[in-house]
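Here is a short briefing on the structure below.

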Amino acid sequence: MTLTFTRRGAAALALAAALPFAAQAEDPTKVGFIYVGPVGDLGWSYEHDQGRIAVEEEFGDSVETTYVESVPEGADAERILTQMALAGTDLIFTTSFGYMDPTNNVAAKFPDVKFEHATGYRRDHPNVSTYSARFYEGRAVLGHIAGKMTSSNKIGYIASFPIPEVIRGINSAYLHAKKANPDVEMSVVWVYTWFDPGKEADAARALIDQGVDVLMQHTDSTAPQAAAKEAGIYSFGQASDMAQYKPAPRIGSIIDNWAPYYIERVKAVKEGTWESVDTWHGINEGMVELGEFSEAIPEEVRAEAQALSDSIAAGEYHPFTGPINKQDGSAWLAEGETSDDGTLLGMNFYIEGITGDIPN
Amino acid sequence: MLRLEKRPQPSKLWTALTPLLAVLATMVAGGLLFALLGKNPVEAIRVIFFDPLFNEQVASYARPQLLVKAGPLILIAIGLSFGFRAGIWNIGAEGQYIMGAICGAAVGLAFYPSENPLIFPLMVMAGALGGWIWAMIPAILKITFRTNEILVSLLLVYVAEQLLASVSLGLLRNPEGGGFPGSRNLASWDASSNPELIAGTGMHWGVVAAFISVIFAYVMLSRHIFGVQLQLAGQAPRAARFAGVRPEMMVFICFTASGVLAGLAGLFEVTGPAGQISIDFNVGYGFTAIIVAFLGRLHPIGILLAGLLMALTYIGGELAQFMLGLPAAAIQAFQGMLLFFLLAFDMLSNYRFRLSAREAA
């Protein structure tokens, strides 16, 4: 037993020494991923990892994927990216906003390695692409359901960081909740983390104590779902379906479906057609999916939500269509006017009716 | 029958041997863990311990990164080791590290965009001061009210984290950052940057400071009466008092050393590798340094080696994650084993096994 064990180890050592893991012509395409949370968060990082698995299934032995999870957004990310590039990775997906500087810094040093940065806006080098999803489209639909489902007229929102993506989601959800129910109020709690089940649960309980009976979250764990279940209120799955909390508290969800994009980009690298692009896809392209509306929602509300989702997908309705004022009462969009992408990408203001300030 | 017997004196031999034994035992137990996860254990150990140093593709980058990662660990651990020798427990180095970074960055940013060469030295002083003030809170509370310094220093870490979030979003937020939290990039502003001093070595001012602190600590502990006083205060507080060692003074000195060094570590990190104040700027150096201090037997040279070893498991652990697909949690468990085995084997330096006849009832 000991002998075979040692031999196998020695063989592995010899093999590793003889074949340094350089990418050779016939070698599989190497694709790397870095995640901000653990792959088991059942939310954001989990869905990115599902995309990675889909890439493996699509291309079989002609790709090799690797990942590093729970990577802090800073010096550590830069080191891991550099090491991935040095180890011969051809394409690297950096799946959190905070990897923006590390991604661009490392891309400068490795012009032959392609980088794909999720939710960022900087493409300093021709080997960097950015991609994100129009989550605000899904938020509009969930906001509508929330407005219909609340009986205390209080909706709670667990927000991560005050960055445009999160603020956009809050505005979209509030706008459509208000349209569905003019008496609705929304309380926002900032937790300053993407993944921290303890903090998320505390925030959920604080909101529930204030009388909130529908909970939305822009964080990655299922802790708010558990808190909602305990309190007997409604909630929505975030980033992933969180189907284990169906039919209640989880009455709907936004699912990030990265698989088609990841497959497309890996294919482009294999075929040598990869170029730096900025992708922002929504419900129509399937990057934003709405999870099943559970039976806890009355049938006519489900139908309304579906209709809203369909009209957004068809391009007939834009979630930010005027008249909309900013929080301070100044005009933002005139009657019938829709927001341009630039304003949405840099959104740093609440719309009229939301109480509280964006922390700064 | 085997029986444990306390040694009259801790064994010198075992004291030196236990860290090595602990590393070996960690390799064996860790290998077992990796095998259970379906990975080749020999390959996993090789990737963690050897690839960062010798793999031809990664090593040229990973070797200097060892210094970058070990620098703050060593700097903080040296500061902590003074107190730990004397039985004074500063567990809040993480908070002092954060406060050093905040104070240093704030002083620097106040002069933005000046290119005055005095800015960086001023920031270094502010960083040391920030860490020192944060350490003085538990120290003074202990001296005047006999509060428990473990609890106070630890809880102040969480206060510091809240302050960090607050300044990242408010006071120090980059006005040109498009509303995103985090300060200006200090590493890319010449007056405040702490760059690599010699390209390709990973040496920045923080690493230099770590080496100086090792030498300074070595001299203080082995060539200066202060080293004896520390030892005495830790092992025989009453005897120490008779020898004229004032315990209040010891608390003050030890917290000063650890606070200043942790503050410096934070300042060098924020101006160099990290580059900016951000909400999750701290990644646990202050806590890991406690492991490093004990792994290094509270001895300066030991801490130097332990810091490098810890950095190796971090960098090798990352390599093992993406080369072999080991989960992050397995790597953390592996690092935890190191401390666990060290403490377990410590028994050998304080006790010995004796073969004894069966005892009569």
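At what angle do helix H8 (residues 205-223) of chain B and helix H11 (residues 247-271) of chain B pack, and how far apart are their axes? The angle is about 155 degrees, and the axes lie 9 Å apart. This comes from a predicted model.

**Helix pair in chain B**
- H8(B) brings B:Trp205, B:Gly206, B:Ala209 and B:Ser213 to the contact.
- H11(B) answers with B:Leu261, B:Leu264, B:Ala265, B:Phe268 and B:Glu269.
- By class, six residues of this contact are nonpolar, two are polar and one is charged.

**Sheet in chain A**
- Six strands of chain A make an open sheet, ordered S2-S1-S3-S4-S5-S11, with parallel pairing.
- S2 and strand S11 (278-281) of chain A are the edge strands; each has a single partner strand, so one side of each lacks a neighbour in the sheet.
- On average, neighbouring strands are turned by 15 degrees against each other, direction ignored.
- Strand S1 (residues 29-34) and strand S3 (residues 91-94) of chain A run parallel and are joined by four bridges.
- Within S3(A), A:Ile92 stands opposite A:Gly32.
- Helix H4 (residues 100-109) of chain A packs on the sheet. H4(A) touches S3, strand S4 (114-118) and strand S5 (128-133) of chain A.
- The direction of H4(A) makes about 170 degrees with that of S4(A).

**Overall form of chain A**
- Chain A has 11 helices and 14 strands.
- For 360 residues, a compact globule would have a radius of gyration near 21 Å; chain A has 22 Å, which agrees.
- Along the principal axes, the C-alpha atoms of chain A fill a box of roughly 70 × 50 × 40 Å.
- Of the 360 residues of chain A, 51% count as buried.
- Among contacts in chain A between residues at least 6 apart in sequence, 65% join residues at least 24 apart.

**Contact between chains A and B**
- Chain A puts 36 residues into the contact, and chain B puts in 33 residues.
- On the chain A side, helix H1 (2-18), strand S2 (63-68) and helix H3 (75-86) are the elements that give two or more residues.
- H3(A) gives the most to that side, with eight residues.
- The chain A side divides into 21 nonpolar, 11 polar and four charged residues.

Technical notes. Residues are numbered from 1 along each chain as its sequence is written. Chains are lettered from A and ligands numbered from 1 in the order in which they are written. This is a predicted model: local features need pLDDT of at least 70, side-chain atom pairs count only at pLDDT 80 or more; totals for chains, interfaces and linings use all residues. Two residues are in contact if their C-beta atoms, placed from the backbone, lie within 7 Å. Ala, Val, Leu, Ile, Met, Phe, Trp, Tyr, Cys and Pro count as nonpolar, Asp, Glu, Lys and Arg as charged, and the others, Gly among them, as polar. Axes are lines fitted to C-alpha atoms, for helices over the stretch in contact, and angles run from 0 to 180 degrees between N-to-C directions. The radius of gyration is taken over C-alpha atoms; the globule rule is 2.2 Å times the number of residues to the power 0.38. A residue is buried if 20 or more other C-beta atoms lie within 10 Å of its own, exposed if 12 or fewer, and partly exposed in between; C-beta atoms are placed from the backbone. Two strands pair if DSSP finds at least two bridges between them.
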